[in-house]
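Please look over the sequence and the structure shown here, and then follow the points below topic by topic.

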Amino acid sequence: APTQTTLQFANTGRERLYVLPASSAETVTVDIGTTVLGQAVTNFSSVTMTTTDLYQFGPFHSVLDQPGGNLIQVTLSTTTSISVALLQGVGVY
């Protein structure tokens, strides 16, 4: 169970965030950190989840990283009735 609605984690391009809602109408928003010619980029629409599905977000492209680093930021609508897991897959070299 998350302790905050804003989640941040390092992005290597192999991370996947899994979200399992226990009640309907919870949302997840992946915050876009990049700018284009100095202008902020609008986030993708929030995903409204239902209790019947497990949701996967990622892997994440580096253009989604927050400014000045390699952090991905995801915003949840709640910290109750929701489970999250961040998994990192093996790299292919």
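Predicted model: local features only at pLDDT ≥ 70, side-chain atom pairs only at ≥ 80, totals over all residues.

**The chain as a whole**

- The secondary structure of the chain consists of nine strands and zero helices, so that, read from the N terminus on, its elements run β-β-β-β-β-β-β-β-β.
- The radius of gyration of the chain is 14 Å, which is close to the 12 Å that the globule rule gives for 93 residues, and the chain is therefore as compact as a globular protein of that length.
- Taken along the principal axes, the box that the C-alpha atoms of the chain fill is roughly 40 × 35 × 20 Å.
- Of the 93 residues in the chain, 30% are buried, while the chain exposes about 5,700 Å², with carbon and sulfur atoms supplying 55% of that area.
- When contacts between residues at least 6 apart in sequence are considered, 78% of them join residues that are at least 24 apart.

**The sheet**

- Four strands form an open sheet, in which the order is β1-β8-β3-β6 and the pairing is antiparallel.
- The edges of this sheet are taken by β1 (6-10) and β6 (47-49), and because each of them has a single partner strand, one side of each is left without a neighbour in the sheet.
- From one strand to the next, the twist averages 25°.
- Strand β8 (residues 71-76) pairs with β1 over five bridges in the antiparallel sense; within this pairing, Thr6 stands opposite Thr75 in β8, and Gln8 has Gln73 in β8 as its bridge partner.
- Strand β8 also pairs in the antiparallel sense with strand β3 (residues 26-31), here over four bridges, and Val30 stands opposite Val74 in β8.
- In a regular strand, as a general rule, the side chains alternate between the two faces of the sheet.

**Ala10 in strand β1**

- Ala10 has its place in strand β1, and with a relative accessible area of 41% this residue is partly exposed, because that value falls between the cut-offs of 20% and 50%.
- Although Ala10 and Asn70 are 60 residues apart along the chain, their C-alpha atoms are separated by 5.7 Å.
- Not counting residues up to four places away in sequence, Ala10 touches Glu15, Asn70 and Leu71.

- The side chain of Asn11 reaches the backbone nitrogen of Gly13 at 2.9 Å.
- If its neighbours within four places in sequence are left aside, Asn11 is in contact with Phe60, His61, Ser62, Asp65, Asn70 and Ile72.

**Backbone features in the loops**

- Most residues other than glycine have a negative phi, and most peptide bonds are trans, which is why the cases that follow are picked out.
- Ala25, found in the loop between β2 (15-21) and β3, has a phi near 70°, a positive value in a residue other than glycine.
- Ala25 counts as exposed, because its relative accessibility of 55% is over the cut-off of 50%.
- Leu37 lies in the loop between β4 (35-36) and β5 (39-40), and its phi, near 50°, is likewise a positive value in a residue other than glycine.
- Leu37 is exposed as well, with a relative accessible area of 83%.
- The peptide bond from Gly58 to Pro59 is cis, with omega near 5°, and Pro59 lies in the loop between β7 (55-57) and β8.

Notes
Residues numbered from 1 in each chain as written. Heavy atoms only, no water. Pairing = 2+ DSSP bridges. Helix = DSSP H or I, 4+ residues; strand = E, 2+ residues; numbered from the N terminus. Axes fitted to C-alpha atoms, helices over the stretch in contact; angles between N-to-C directions. Buried < 20%, exposed > 50% of the residue type's maximum accessible area, 1.4 Å probe, protein only. Contact = heavy atoms within 4.5 Å. Rg over C-alpha atoms; globule rule 2.2 N^0.38 Å. Areas by Shrake-Rupley, 256 points an atom, 1.4 Å probe, with all protein chains shown as cover. Polar contact = N/O pair within 3.5 Å; in protein donor to acceptor, adjacent residues only side chain to side chain.
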